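Work through the exercises below with the model open beside you. Each task is followed by a stepwise solution.

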Amino acid sequence: MRGMIVVTAATLWAAPLAAQGWVEPPDGRHPGFGVVKERTAVTVRVVGRVAQVEVEEWFRNRGRGLGEGDYLYPLPGEAVFSNFSLFQGDQELTGETMDAARARAIYEEIVRRKRDPALIELAGHGLVRARIFPINPGETRKITLRYTQVLERAGDALQFRYAAGARHHAAAPRGEGARGPGSVAEPAPLTFVLTADADIVGQPFSPTHPVRVTRERGRVMVRPEADGPGLRGDFTLFLPLTRGLVGLTVATHKPSAEDGYFMLTLSPRALEGATLPRDVTVVLDVSGSMSGTKLAQAKAALEQLLGSFGRTDRFRLVAFSNDVRAARDDWTPASPAAIREAQRWVQRLTAGGGTNIAGALDEAFRLTSPEGRLPIVVFVTDGLPSVGERDPERIAAQAEGSRGRARVFAFGVGHDVNTYLLDRLSVAGRGSTAYVQPGDDVERALGTLAAKIQHPVLSDLAIGGAPAALTEIYPSTLPDLFAGEELIVFGRYRTRRDRTGEVTVTGLRNGRTERFAATARFPTHTLANDFIPRLWAARKIGELSRTARLEGASPELVREIRETAFRYGILTEYTSYLVQEAPGLAGRSGGVRLDEAIVAGTPAPASAVGREAVAAAERARMQREAKTSADLQILEDDFRKQGYAPQTRQVAGRLFSEQAGVWTDLAHADSLRVVDIAPYSDAYFALLAAAPELAPYVQAFEQVMVAGRRASVRFVDGGLTSLSPERLTRLVAEFRRG
């Protein structure tokens, strides 16, 4: 019997109305209606390309009279469903399924009646509706829904989506200008489990929610992170299929006439003999400041790293303080005996003296590696250069001249490190820099890297052909691909018509160029995968912020960072003007002009040394490496803790600030035409149907202005109540097109 992949979610919290199903009173009129949902359990089994879905929901009648009404369950509008069945306990219910067009009228009627846009998020979804049997007061009844769904192919992966709902309701509670179903009732717990055949041997991953993957007894288990935000919004899961050494996944998003967005994921297979042999050089700072706990942790980490070497690997150990000393002059094959000897050498290291960084780097790059082997340098320091060459610019230039093909992974321990020097080393060396805060565990940080770089699969990666023009790709220089970890790339694409074709990626393995390809579709319009734009923007801002530190923060560069941040709702050091309102901006009733905001802005720390510099460098790294929407939430929480833009609210990739009672998109400029629309009017629903990308904002705020390309839309009382078809078409075009 083939093994199974199991995707399981421990208890997750989701709002009761827009999340999964709910019970609506008959004809919507029942002031004492007391049927509430207590919990939901979703079980999905994937067989081939078909997902067999079972949803169990428990409802309790907390009212005094009989509870009766319609059970409503939203279905993703782009999916194809069949084999539908619905039960209340053991009794089968007679239900009907509706496509998105028919379902929209029901959603709009409920929104209109309750004057609460909780269901606006479900615009574009289908609907299951069935009349339930009466539920007695105090009684709990279970409703079971079963259906099958054909999964979409996304390159070499299957893509599964689940509409959990209640994604955009956290902008502000009622009374602060925002609302949502989460403020109407207590959320109901949700559990989610997905199983699939072991033919899917790649690493399942979600770009929308944090998940934890474990393997045991022939199964892969994926759980949400214990401290994650829970299953809210549209949950997207990719299941890489078994196909060759590397699988490619391609997802796209293109809501308007501007360039679209894409996410390309490379999923290496964990195959014996598929990895590249390595030449690893470990360079450890043993100056006086490393004494005590830091050196003890670094020694333990080095022993762990040595234990990860395979028989085809070679290594070198270098320690430096005032002078530089290597365990051996040449490469050492990673035999068990050599590793034991190296571990004894590490244990004899003691701390003392100054910090000769220039000499350490000279020794690290002294030996070269032949083609077919991947050279890696792990550089660990907690101090500034104090012996030999001390100028960071000259040290970096010398290192770049002698680095050759070596990949550089740098670790800055504490705040007394030069972020300019370490970041420049890793940028040139196609690696990364991690900063270990004072008191954090050095062993854990190095252990994470040791696990990541243990099995290199491909080096010198490059994206080859594609059916559409690919632009603004991040990371701009692709890193090497290692087994056990997906490489996720975000970018833009340009096409004048729907195009389908091969996306190719090339890389080197054992000195030979290998090519991998997958069929992908690049449409002219799709609202799916709306998580991609903010992740792309975060990557872009992370790279621009690093460039600003390495090359100088020119006005043009700062402007590009801020414009991107405002457009996509990304908090940065460069938007901190919102903390202390600039002179001349206080008390204005209109939107804040972008050019005034830039003049008023507080620049990021100019120094390359110290607490603020390390924090800024680490935040930029996290932005450059962001993979999921949850990663962005962690960054946003950190920015708010640091006091950046506390009076803004981020909803669906945009930043808003309250201006005269209206939550105003910070991307709005005074030059844009503003069209006012009355909430819950015919014009309101017509516009949301024609431009569904507006739905999250009217759902989050009572009164809101959303910036478009040539016109902004403001939802306020007293706005237009109707729009002619011609005027609606023109407004949508002006909102979407530049």
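**Exercise 1. Which residues of H13 meet which residues of H15?**

Step 1. Ala-686, Leu-687 and Ala-690 in H13 meet Leu-728, Leu-731, Val-732 and Arg-736 in H15. Contact means heavy atoms within 4.5 Å.

Step 2. Sort the residues of this contact: 6 are nonpolar, none is polar and 1 is charged. Ala, Val, Leu, Ile, Met, Phe, Trp, Tyr, Cys and Pro count as nonpolar; Asp, Glu, Lys and Arg count as charged; the others, Gly among them, count as polar.

Step 3. H13 covers residues 682–690 and H15 covers residues 725–736. They pack at an angle of about 50 degrees, with their axes 10 Å apart. Axes are lines fitted to C-alpha atoms, for helices over the stretch in contact, and angles run from 0 to 180 degrees between N-to-C directions.

Step 4. Classify the pair. H13 and H15 are therefore oblique to each other. Angles under 35 degrees count as roughly parallel, over 145 as roughly antiparallel, 65 to 115 as roughly perpendicular and the rest as oblique.

Step 5. Assign the hand. H13 and H15 cross in the right-handed sense. A crossing is right-handed if the near helix is turned clockwise from the far one by less than a right angle, and left-handed if anticlockwise.

A note on the source: this is a predicted model, in which local features need pLDDT of at least 70 and side-chain atom pairs count only at pLDDT 80 or more, while totals for chains, interfaces and linings use all residues. Residues are numbered from 1 along each chain as its sequence is written, and side-chain values use heavy atoms, with hydrogens and water left out.

**Exercise 2. Describe the packing of H2 on H7 and on H3.**

Step 1. Know what to report. Two packed helices are described by the angle between their axes and the distance between the axes.

Step 2. Take H2 (residues 293–307) and H7 (residues 442–452): the angle is about 20 degrees and the axes are 8 Å apart. H2 and H7 are therefore roughly parallel to each other. Their crossing is right-handed.

Step 3. List the contact. H2 contributes Gln-297, Ala-298, Ala-300, Ala-301, Leu-302, Gln-304 and Leu-305. H7 contributes Val-442, Glu-443, Leu-446, Gly-447 and Ala-450.

Step 4. Turn to H2 and H3. The angle is about 170 degrees, and the axes are 10 Å apart. H2 and H3 are therefore roughly antiparallel to each other.

Step 5. List this contact too. From H2 come Lys-299, Leu-302, Glu-303, Leu-306 and Gly-307. From H3 come Ile-339, Ala-342, Gln-343, Val-346 and Gln-347. Here 5 are nonpolar, 3 polar and 2 charged.

**Exercise 3. In what order do the strands of the open sheet with E17 and E27 run?**

Step 1. The order is E17-E18-E29-E27, and the pairing is antiparallel. Two strands pair if DSSP finds at least two bridges between them.

Step 2. Find the edges. E17 (246–253) and E27 (469–474) each have a single partner strand, so one side of each is left without a neighbour in the sheet.

Step 3. Neighbouring strands are turned by 30 degrees against each other on average, direction ignored.

Step 4. Check one pairing. E17 and E18 (residues 260–268) pair over 8 bridges in the antiparallel sense. Val-246 has Pro-268 in E18 as its bridge partner.

**Exercise 4. Is Thr-332 buried or exposed?**

Step 1. Locate the residue. Thr-332 lies in strand E22 (residues 332–333). Helices (H or I, at least four residues) and strands (E, at least two) are DSSP runs, numbered from the N terminus.

Step 2. Apply the cut-offs: buried is under 20% relative accessible area, exposed over 50%, partly exposed in between (1.4 Å probe, protein chains only). Thr-332 has 5% relative accessibility and so counts as buried.

Step 3. Name the neighbours. Not counting residues up to four places away in sequence, Thr-332 touches Asp-313, Arg-314, Phe-315 and Ala-338.

Step 4. Now take Ser-335, in the loop between E22 and H3 (336–347). Its relative accessibility is 30%, so Ser-335 counts as partly exposed.
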